[in-house]
Amino acid sequence: MTSVTLRHVSKRFDAADRSGKSGLASVVESTGRMFNRGKTIDYLNAKRAEPEPADRTYALDDVSLTIRDGETLALLGPSGSGKTTLLRVIAGLTEPDEGEVLYDKVPIRDIPLSERGLGIVFENYALYPHLDARSNIGFFDIVRRRHRTEVDARIEHVAQIMGVDIKHLLARKPPTLSGGEQQRVAVARALARDPKLFLFDEPLSNLDAKLRAETRVQIKRLLRHYQITAVYVTHDQTEAIAISERIAIIQAGRIIQIGTYQDVYYRPVNIFVATFLGNPPMNVFEGNAEGDHWQGTGFALRPLRPGLKPGQKVWFGIRPEHIIFEEEGIPVQVELVEPIYNDRVQIVYLSLIGQNCVARIPLEHSVEVGTTAYVRFPDEHIYFFDDETGQRLS
Ligand code: ADP
Ligand code: MG
């Protein structure tokens, strides 16, 4: 059993070795892609774009966090946010420029790689093509010349937890296995090494949706069974929720928030977290605190929350599932309706005086495309965010 502590870890890369985009550029781009929300993208562009030194980029910027003994922590963030770099630093494969990594209070540099007890599964499963799946799983034990029956027993056990079908795979060589099968063998191989710390880097992103869901459950099952401390890197919030006990949100090399899904979903620290989570994510609107109310473009909310200063620029946010349709209220144009039958809900795309707004309401509620509807934003579900910093105002 292992807990891992990171203290003030930073890592920079020279622009010359920079293969992709800077963390920030890809944050803005991927957020834009995900939400297709002109306003939010502009906001992120304008407000989040901190000046970067021309020749250097922080892949990790003063990261401190603890992964508790036996927990699965999901590291969730857009592409380019520093997830892989952080995982490599945790494994000791990448040396940070500043800060330190401790395994059970022992600095990682004092522990030889072979004694760190790591099980690592990356997106691109690196199996040995000339060995069959059984030998791939038992590879490390075989090279360590453990007793053959002991190795076989362990392979059987791991295969059983990973699902019965892996048994049929054991005799086959990797090139004859599908992506999902290869990935299961890779997980089984890492597990067969009896790891103290399991590190996953987007292990399921090459799989189709159905296989992703199945393999996710198997990974969760074995993490539960063995209670192995694990870090699970993903850009997919559904996966993060399914696999982990806690979620760390990373953006542009910084850990923005850590907590259970409830924490980060219902108490986002800033507008980035608020608009990153949820499907569809939170609606946000630009506006001002004025007199006794908050004034947006074409609609107002009252009374004003205590703590907002008159004239202060603040963004107002509400989640799609909290918007209520009523006989009276704020007028909106219904532009599109997307039913999700198995959840018994519909996603309703609205125009609120030219501003995009998305609601998620029960399927039974009738709304008609092209008509005017009326909505209400219940007070207890309203969020405000500071215009300058993006921080949530309580
Ligand atoms: P993620 O896994 O979240 O997509 P990465 O950790 O791979 O993000 O990358 C974070 C940032 O660091 C990116 O801007 C990336 O281009 C940069 N980066 C990562 N690895 C290297 C490297 N070996 N050399 C130069 N820049 C790198
Ligand atoms: Mg990565």
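Two strands are taken to pair if DSSP finds at least two bridges between them, and the strands (E, at least two residues) and helices (H or I, at least four) are DSSP runs numbered from the N terminus. The model is a predicted one, in which local features need pLDDT of at least 70 and side-chain atom pairs count only at pLDDT 80 or more, while totals for chains, interfaces and linings use all residues. Residues are numbered from 1 along each chain as its sequence is written, chains are lettered from A and ligands numbered from 1 in the order in which they are written, and side-chain values use heavy atoms, with hydrogens and water left out.

Strand 9 (residues 246–251) and strand 10 run antiparallel and are joined by five bridges. They belong to an open sheet of six strands, ordered 6-7-8-3-9-10, with mixed pairing. Strand 6 (118–121) and strand 10 (254–259) each have a single partner strand, so these edge strands are left with one side lacking a neighbour in the sheet. On average, neighbouring strands here are turned by 15° against each other, direction ignored.

Now look at the helices that lie on this sheet. Contact here means heavy atoms within 4.5 Å, and axes are lines fitted to C-alpha atoms, for helices over the stretch in contact, with angles from 0 to 180 degrees between N-to-C directions. Helix 3 (residues 83–91) packs on the sheet and touches strand 3 (72–76), strand 6, strand 7 (197–201), strand 8 (229–234), strand 9 and strand 10. The direction of helix 3 makes about 160° with that of strand 7. Seven of the nine residues in helix 3 are buried, where buried means under 20% relative accessible area, exposed over 50%, and partly exposed in between (1.4 Å probe, protein chains only). Among these buried residues are Leu86, Leu87, Val89 and Ile90, and Lys83 is also one of them. Just after helix 3, Gly92 takes a positive phi of about 85°. Helix 7 (residues 179–192) lies across strand 6 and strand 7, and runs at about 170° to strand 6.

Helix 7 also has a helical partner. Helix 7 and helix 8 pack at an angle of about 10°, with axes 11 Å apart. The two are therefore roughly parallel to each other, a label for angles under 35 degrees, with over 145 counting as roughly antiparallel, 65 to 115 as roughly perpendicular and the rest as oblique. From helix 7, Gly180, Arg184, Val187 and Leu191 meet Leu211, Thr215, Gln218, Ile219, Leu222 and Tyr226 of helix 8.

Next comes the interior. A nonpolar core is a set of buried Ala, Val, Leu, Ile, Met, Phe, Trp, Tyr and Cys residues joined through side-chain atoms within 4.5 Å. The largest such core has 31 residues, and those with the most contacts inside it are Val187, Phe198, Phe200, Leu222 and Leu223. At least two residues come from each of helix 4 (133–143), helix 5 (148–161), helix 7, strand 7, helix 8 and strand 8. Helix 7 gives the most, with seven residues. Leaving out residues up to four places away in sequence, Phe200 touches Leu87, Val121, Val187, Ile219, Leu223, Ala230, Val231, Tyr232 and Val233. Another core, of 27 residues, lies apart from it and includes Trp294, Leu352, Val375 and Phe384.

Pro203 sits in the loop between strand 7 and helix 8 (209–226), and at 1% relative accessibility Pro203 counts as buried. Its C-alpha atom is separated by 6.3 Å from that of Val121, 82 residues apart along the chain. Beyond neighbours within four places in sequence, the contacts of Pro203 include Phe122, Glu123, Gln183 and Tyr232.

Finally, turn to the later strands. Strand 16 (residues 330–340) and strand 17 pair in the antiparallel sense over seven bridges, with Pro339 opposite Gln346 in strand 17. Their hairpin has four residues between the strands, and Arg344 there takes a positive phi near 55°. Strand 17 (residues 345–352) is mostly covered, with seven of its eight residues buried. Strand 17 also pairs with strand 18 (residues 355–362), in the antiparallel sense over eight bridges. Here Ser351 stands opposite Asn356, and Leu350 opposite Cys357. In this second hairpin, with two residues between the strands, Ile353 takes a positive phi near 45°.
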